[in-house]
Amino acid sequence: MKKAVFLILSLFLISCTNKSEEYIDPRGTDYAGSESCVQCHKTQSEMVFHSSHFKATAPAILENVSGDFDSKNHTFIYDKETKLVMEKHGDSLYQVLYKKGKETAKYKFEIVFGTKHAQTSVYWRNNNTYELPLSYYHSVNNWATSPGFPADKPYFDRMVVKDCYACHSSNISSRTVDQSSAEKNFMSMDIEDVINKKTIVYGIDCERCHGPAKKHVEFHLKNPNVKVANSITSFKTLNRQQKLDACALCHAGNDGMKLKSRFEFKPGDNLSDFFRETRSINDTTQFDVHGNQFRLMAQSKCFINSEKMDCITCHNPHENASKNMASYSKICMSCHQGLKHKETTLKSMPEKLLADNCVECHMPKKASNAISFQLSNSKQLSNYILRTHKIGIYPTKKK
Ligand code: HEC
Ligand code: HEC
Ligand code: HEC
Ligand code: HEC
Ligand code: HEC
Ligand code: HEC
Ligand code: HEC
């Protein structure tokens, strides 16, 4: 009886939502969704929609997933009898496990993480997501073991927790279910977090960085002649630490003690209310080049002595990192006018060339200690290489 009422009620609710065209954001009624910004902020929107931030997580459909699914580069051999093959069936993508030539299991690509250097995907199991054992790396244009995964046997049990989504998406809600009550077994008190699929807001969107903007949208739709921003936090009014925190939220590693969820952070908030740092900034720790741009930058003299450098000094927050190395040199030179290198340095690179290549020598590429991977049939670990944000003097490579 109760069930029938519930069914009728939910059918009624479904038909209601279908009728109204209005966008409903899973984060609640304070949010307007990125699509609503386009009409007034076309330039920013076009940049953002093409950025890595916006694609930091996405549904794992063919157009979002890199890598071969049907050529010779789509098989990973674990041993003589075990292989994992990337396969496309209709519109769906799978990692298919074969033992002695027989298909024994297949795991569907459901959500993809990353775009720039690497992609890893997850599949759903019991309302949680689990990382697939193989990821795609652009540096080798190939599939290889997901970070930390073994190369001698396939592993399917690494749960991708909410933390990953807190840096790679704009929302995900989970709730705790008491498994035991469902099974009427009071002896086992299995409490489990389950993710509500419908609450995922993929990628890092406008309101992830700018905070909820429904009021802002409604105000400006009603008052088209007002050209001064209403009901939105302006980054211009924030101090340096607040601006840094808005990026450090996701670019300062993951080793602080969590006090509040990253999802609750809004521009203007202090990161110290969210994490209790276990390490001081002046620590001589070698922070990893992966995921910790903020702490590396904070260790450099440019950051400490200029008292004004932040992420926006070099990056447009709406665009990917520029690939034009000369454009960064101009930024360096804006603070380093009249710079003179030593004769020995100038011998290694003529001054004219040097002028466009500050980054090459002072922010060199370094291997990550946190991430490495293994190709099929390879005994060796391959390095994951990123540019360090610790601006400094490094030994020059001999040419
Ligand atoms: C109906 C028009 C309209 C819509 C829709 C709209 N905005 Fe705005 N927004 C404005 C106007 C007008 C300004 C002030 C002029 C400017 O900075 O462009 C502004 C300014 C801003 C600013 C700069 C604030 C400052 O002072 O630095 C941000 C950030 C912003 N909007 C974010 C958003 C986001 C995010 C969305 C979508 C959720 C959005 N806007 C949707 C009209 C709109
Ligand atoms: C909610 C978490 C989050 C916040 C906040 C955030 N980032 Fe990111 N950022 C990421 C993730 C995740 C990636 C990796 C995206 C990918 O490649 O899939 C990334 C990538 C980048 C990249 C490289 C993009 C490319 O392809 O070249 C730059 C540059 C960057 N972020 C700068 C910033 C700056 C500046 C801010 C502050 C204004 C900021 N980020 C705020 C999570 C965040
Ligand atoms: C990674 C974080 C991030 C994302 C994502 C993001 N913004 Fe911004 N946005 C910023 C920051 C930081 C500033 C301040 C830039 C500055 O002061 O130079 C800014 C500035 C703005 C401004 C003021 C004018 C300008 O361009 O400086 C507008 C308008 C704006 N954003 C709209 C949007 C809209 C619309 C989206 C989504 C389509 C969006 N932003 C996505 C971080 C972000
Ligand atoms: C503290 C925030 C944070 C957490 C937590 C986090 N990431 Fe990331 N992740 C980043 C940032 C920032 C980048 C891009 C810059 C970099 O590599 O330094 C990135 C890069 C990546 C990339 C490569 C994207 C690219 O092409 O640059 C993948 C794949 C990825 N993360 C997956 C995951 C998974 C899976 C988890 C959970 C196990 C996770 N991340 C947890 C912040 C985070
Ligand atoms: C916002 C201003 C600013 C910007 C931008 C800037 N720097 Fe600096 N940089 C400084 C200051 C200030 C110092 C410290 C000078 C001192 O104390 O003598 C410094 C120091 C340095 C040093 C000496 C480091 C050491 O450990 O001795 C190098 C090398 C350097 N900068 C290179 C660069 C490069 C390369 C760029 C661009 C990628 C850059 N800087 C961008 C302000 C800046
Ligand atoms: C002095 C200039 C400068 C500052 C300041 C700066 N970056 Fe960068 N950033 C760069 C350069 C140069 C690259 C490398 C671009 C490339 O090699 O294609 C880069 C790349 C990145 C990447 C992509 C990772 C990679 O190696 O592909 C991320 C993420 C990033 N920056 C985040 C940040 C964040 C977050 C801040 C603030 C904490 C910041 N950056 C401050 C110059 C800077
Ligand atoms: C070929 C590598 C190389 C390139 C390219 C390069 N530097 Fe340097 N830089 C060095 C080395 C090595 C030193 C230390 C010896 C010296 O001073 O010549 C140095 C020193 C410096 C210092 C510290 C000087 C001092 O007196 O403390 C600054 C600042 C600096 N470089 C900035 C830059 C900027 C800005 C650019 C781009 C216009 C640049 N460098 C390009 C290798 C390079």
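A: A nitrogen atom of ligand 3 is 2.8 Å from an N or O atom in the side chain of histidine 210, which is a polar contact, defined as a pair of N or O atoms within 3.5 Å; within protein, one must be able to donate a hydrogen and the other to accept it, and residues adjacent in sequence count only if both atoms are side-chain atoms. Histidine 318 also places a polar side-chain atom 2.9 Å from a nitrogen atom of the ligand. Two elements give two or more residues to the shell: helix H2 (42-49) and helix H5 (206-210). Helices here are DSSP runs of H or I with at least four residues, numbered from the N terminus.

This is a predicted model, in which local features need pLDDT of at least 70 and side-chain atom pairs count only at pLDDT 80 or more, whereas totals for chains, interfaces and linings use all residues. Residues are numbered from 1 along each chain as its sequence is written, chains are lettered from A and ligands numbered from 1 in the order in which they are written, and side-chain values use heavy atoms, with hydrogens and water left out.

In total, 15 residues surround ligand 3, each having a heavy atom within 4 Å of it. Gln44, Cys206, Cys209, His210 and His318 are the closest. By class, the shell comprises 8 nonpolar, 6 polar and 1 charged residues. Ala, Val, Leu, Ile, Met, Phe, Trp, Tyr, Cys and Pro count as nonpolar, Asp, Glu, Lys and Arg as charged, and the others, Gly among them, as polar.
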